[in-house]
Each structure stands twice: as C-alpha cells, then as structure tokens.
Amino acid sequence: MTMNEWKFNPHTDTIQYLGGWLTDPTYRGCIVRENSGRRAGTWAVRPRDPWTEVDHTAMYAETMEAARAALENVTPGGHRCEVFVSQYLGHCPERASVVTYSGIGDQFRGILLCPVHSVKVLVGDPRMSVERWEAKCGAITHESGPIVGDRVTPPMAPVRRSDFLSRPVVWGDDWEGYTLGMKLAQRIVRGDLVMFHGTGAFEVNSVDVVPIPLDEPLYRFNCNGGATYGGTYNCAVPVLNPPL
Ligand SMILES: [Zn+2]
C-alpha cells in the first residue's frame, strides 16, 4: 500500500503532489513553496476538498518536511457530520465542513459538523475547517473522538401503512436509491421531499411562514395528502434526495 506517495513537478521544485496526479481520484493535494511576500520560504499546505475538487490552503509550514507531514494528516475523502438526528434516521449523513475544539493549543477535538448543523449546534465553541484541524493536529480517527467511524445506522423500520391517511411519496421503510440529507428550514422549497419521522417522505407543495405569538415564526411545509411539517429559522430538516 502506497498511502503517502509524493510526486514532483519536472519543471519546478516549488510544488509537490500527494497521491495520484491532479486528474486522478487518488490525488490528495499539494504543498507549494512561497517565493515572495512575507511568507517567502514557507510552504502552503493545500489539501484537496473531495466535494468541491478544489485545493485550499489549510496552513503554512516552516519546512518542506513539516508541510508534507501536515498534508499527510488530512484524511482522503473527508468525514461526515456527527450530529445524531433521531432514532429513526440515525446520524446526519452530510459531509463535515468544520470541527469544534477546546483546550490550550486546540488539542481537544469536539464534534464534526456539516454546513447545516454548524449554524445551530455548539455555536459558542471555537471551530475550524476539518482540513485545517487535521493538518495542524493530526488525522481524525475513530479513536480520537466521539463517534467518527462507528455510526448508528438504524434499519429501515417497518411502517404500518394502513395506519396513515396521508400516503408519503416515499415510504420510510423503502427508500432504496434515495439519499438522506439536511436542509435549513428556510431553504425548503416546493418539490422538496421532507422526511416525516416514522412514515416517510412527503413532497412539499407550498411553504408559508406562520407567526407564533411570543416565539419564532414557524416555516410550515404544506405537503401532499394534506400532511404538514414545520421548523423554525435555521433548524435542520431531514430531506430525501432522489436518485440521480
Ligand atoms: Zn449534519
């Protein structure tokens, strides 16, 4: 196994590539020596974001060796969000973009959060991008924190179909091919499939904002069959994404 294989650019010694070549799925990012400016002589550590397929500078290292070690820390393929959504849906399946942390020198990692959950979960805690954390502090592994690696994936519980007057578009015990995702309540639009606990996914026909006395307004999703679901601003709503 060649996990940490470095490639060199034949035309310049200021850049090195980890993994396969740029166009290869095994490409993991690069390190680049800064030749001018206040960072001249340092190395930019630029992991590849597996979702956007763009390299971003996560940190600068003083030496080539340190830069290499930092990039090697970044887990290929990234990590998933660690928020537990419900007994019915298990953990959030979205990609994690940030990780919370605590302690002097940032040494204790907190929880991995997707863009949707990061809006409301642990908002008071310091956080940084997952790539930056790993480059600086080491690869995030199952042993290094709460649940990464071992996730609760509940079986699709049988749904007693005769119990429901409104039939979902996709039954909660039969959503093969669909993928679960998260959306902020205010981003839900007509056509979205929102997941009702215990029943399945209903299609949103319209959304209205209902004022609630002495409380936040409610985004109400009016779905097929007369089913309704609601959530407040910035609350995470489980949705099903249809097969591509
Ligand atoms: Zn999430």
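Strand 14 (193–196) and strand 18 (236–241) pair in the antiparallel sense over two bridges. Here helices (H or I, at least four residues) and strands (E, at least two) are DSSP runs numbered from the N terminus, and two strands count as paired if DSSP finds at least two bridges between them. Within this pairing, V194 has V239 of strand 18 as its bridge partner. Strand 18 also pairs with strand 13 (residues 179–184), again in the antiparallel sense, over six bridges. In that case the bridge partner of M182 is P238 in strand 18.

The structure is a predicted model, in which local features need pLDDT of at least 70, side-chain atom pairs count only at pLDDT 80 or more, and totals for chains, interfaces and linings use all residues. Residues are numbered from 1 along each chain as its sequence is written.

The protein as a whole has two helices and 18 strands. Its C-alpha atoms fill a box of roughly 65 × 40 × 30 Å, taken along the principal axes. The domain assignment, a term for bounds that come from an automatic or database source, gives domain 1 (6–73), domain 2 (84–144) and domain 3 (161–241). The C-alpha centres of domain 1 and domain 3 lie 43 Å apart. Of the 244 residues, 30% count as buried; a residue is buried if 20 or more other C-beta atoms lie within 10 Å of its own, exposed if 12 or fewer, and partly exposed in between, with C-beta atoms placed from the backbone. Among contacts with a separation of 6 or more, 51% join residues 24 or more positions apart, a contact being a pair of residues whose C-beta atoms, placed from the backbone, lie within 7 Å.

An open sheet of three strands runs in the order 10-9-11, with antiparallel pairing. Strand 10 (108–113) and strand 11 (127–129) stand at the edges and have a single partner strand each, so one side of each is left without a neighbour in the sheet. From one strand to the next the twist averages 35°. Strand 9 (residues 98–102) pairs with strand 10 over four bridges in the antiparallel sense, and S102 stands opposite F108 in strand 10. Helix 2 (residues 130–137) lies across strand 9, strand 10 and strand 11, running at about 95° to strand 11; axes are lines fitted to C-alpha atoms, for helices over the stretch in contact, and angles run from 0 to 180 degrees between N-to-C directions.

The largest nonpolar core has 30 residues, of which C81, A96, L112, L113, C114 and V194 touch the most other members. Such a core is a set of buried Ala, Val, Leu, Ile, Met, Phe, Trp, Tyr and Cys residues joined through C-beta atoms within 7 Å. Strand 9, strand 10, helix 2, strand 14, strand 15 (200–210), strand 16 (218–223) and strand 18 each supply at least two residues of this core. Because domain 2 and domain 3 both give residues to this core, it lies between them. Leaving aside neighbours within four places in sequence, L112 is in contact with H79, C81, E82, A96, V99, V130 and V148. Apart from this core lies another, of 15 residues, among them Y17, I31, A67 and A70.

Some exposed positions complete the picture. E53 lies in the loop between strand 4 (43–49) and strand 5 (54–55). Its phi is near 55°, a positive value in a residue other than glycine, and E53 counts as exposed because it has 10 C-beta neighbours inside 10 Å. L214, in the loop between strand 15 and strand 16, has a phi near 60°, also a positive value in a residue other than glycine. L214 is exposed, with 4 other C-beta atoms within 10 Å. D208 lies in strand 15 and is exposed, with 12 other C-beta atoms within 10 Å. The C-alpha atoms of D208 and G230 are separated by 9.5 Å, the two residues being 22 residues apart along the chain.

Conventions. Contact = placed C-beta atoms within 7 Å.
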